[in-house]
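Look at the sequence and the structure below.

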Amino acid sequence: MKIILLIIVALNLFGNNLDIAKDLFDNKEKYKEAIEIFEKYKDDGESQYYLGKAYYYGFGVQKNEKKAFELAKKSASKNNASGLNLLGVLYQYGQGTNKDEAKAFEYYIQAANLNNIKAMFNLARIYSGIDLNGKEVSFSIKKDYEKALYWLKEAYDLGSVEAAYYYGN
């Protein structure tokens, strides 16, 4: 009985620390504090995602796309939806790795199937042939407006206000 109680307490503390770190990460002035907590749980897929994001953008650490890529890969290997999406972004733009739109697309699909709204937007953007700035671009994936609308609707159904705006237009 004592072992079970100890396990429950440990799991609760682990979860609470990650929640605290995520809250800190939302505050630009607290990135370093958040990173210190995530570093303590560097084998956790969610921690790996946040650390990868920190290195990708240079939040609280020196920007390092190769390190961001390695952390995103580790997070994705644990089926973390945000890690899968970040890995897709890195492959799509060749940041920290060689550019590979086909791999990016695969990771976006995996993340979207795990209800990651950002991945759904990335798929809608690819299927509609529009880049992040709203300019028309050519992707290796054939344009398919029905699939673009499908992914926008999926994001909308998950409560995305941004998706509601785009889906309505």
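**Core**

The largest nonpolar core has 39 residues, and Leu90, Leu123 and Trp151 have the most contacts inside it. A nonpolar core is a set of buried Ala, Val, Leu, Ile, Met, Phe, Trp, Tyr and Cys residues joined through side-chain atoms within 4.5 Å. Buried means under 20% relative accessible area, exposed means over 50%, and partly exposed lies in between (1.4 Å probe, protein chains only).

This is a predicted model, in which local features need pLDDT of at least 70 and side-chain atom pairs count only at pLDDT 80 or more, while totals for chains, interfaces and linings use all residues. Residues are numbered from 1 along each chain as its sequence is written, and side-chain values use heavy atoms, with hydrogens and water left out.

- Two or more residues of this core come from each of α2, α3, α4, α5, α6, α7 (117-128) and α8 (145-157). Helices (H or I, at least four residues) are DSSP runs, numbered from the N terminus.
- α7 gives the largest share of this core, seven residues.
- Leaving aside residues up to four places away in sequence, tryptophan 151 touches Ile109, Ala112, Asn113, Met120, Leu123, Ala124 and Tyr127. Contact means heavy atoms within 4.5 Å.
- In soluble globular proteins, nonpolar side chains tend to be buried together.

**Helix α3**

- α3 has 13 residues and reaches 18 Å from its first C-alpha to its last, close to the 18 Å expected at 1.5 Å a residue. The expected span is 1.5 Å times one less than the number of residues.
- Of the 13 residues of α3, 11 are buried, including Tyr49, Tyr50, Tyr55 and Tyr56.
- The N-terminal end of α3 is capped by aspartate 44, which has a side-chain oxygen 3.1 Å from the backbone nitrogen of glutamate 46.
- After α3 comes glycine 58, with a positive phi near 75 degrees.

**Helix α5**

- The 13 residues of α5 should span 18 Å at 1.5 Å a residue, and its end C-alpha atoms are 19 Å apart, which agrees.
- α5 is mostly covered, with 11 of its 13 residues buried. Its buried residues pack against α3, α4, α6 and α7.
- Asparagine 80 caps the N-terminal end of α5, with a side-chain oxygen 3.1 Å from the backbone nitrogen of serine 82.
- Glycine 94 follows α5 and has a positive phi, near 65 degrees.

**Aromatic rings**

- The structure holds nine aromatic pairs. Rings of Phe, Tyr and Trp (its six-membered ring) pair if their centres lie within 6.5 Å; planes under 30 degrees apart count as stacked, over 60 as edge-to-face and the rest as tilted.
- One of the pairs is tyrosine 31 with phenylalanine 59, which is stacked at 4.6 Å centre to centre, with 10 degrees between the planes. Tyrosine 31 is in helix α2 (residues 31-40) and phenylalanine 59 is in the loop between α3 (45-57) and α4 (65-77), 28 residues apart.
- Tyrosine 31 is buried at 11% relative accessible area, whereas phenylalanine 59 is partly exposed at 23%.
- Tyrosine 91 and tyrosine 107 also form a stacked pair, 5.8 Å centre to centre and 0 degrees between the planes. Tyrosine 91 lies in α5 (residues 81-93) and tyrosine 107 in α6 (residues 101-112), so the pair ties together parts 16 residues apart in sequence.
- Tyr31, Tyr56, Tyr57 and Phe59 form one aromatic cluster.

Definitions and conventions. Polar contact = N/O pair within 3.5 Å; in protein donor to acceptor, adjacent residues only side chain to side chain.
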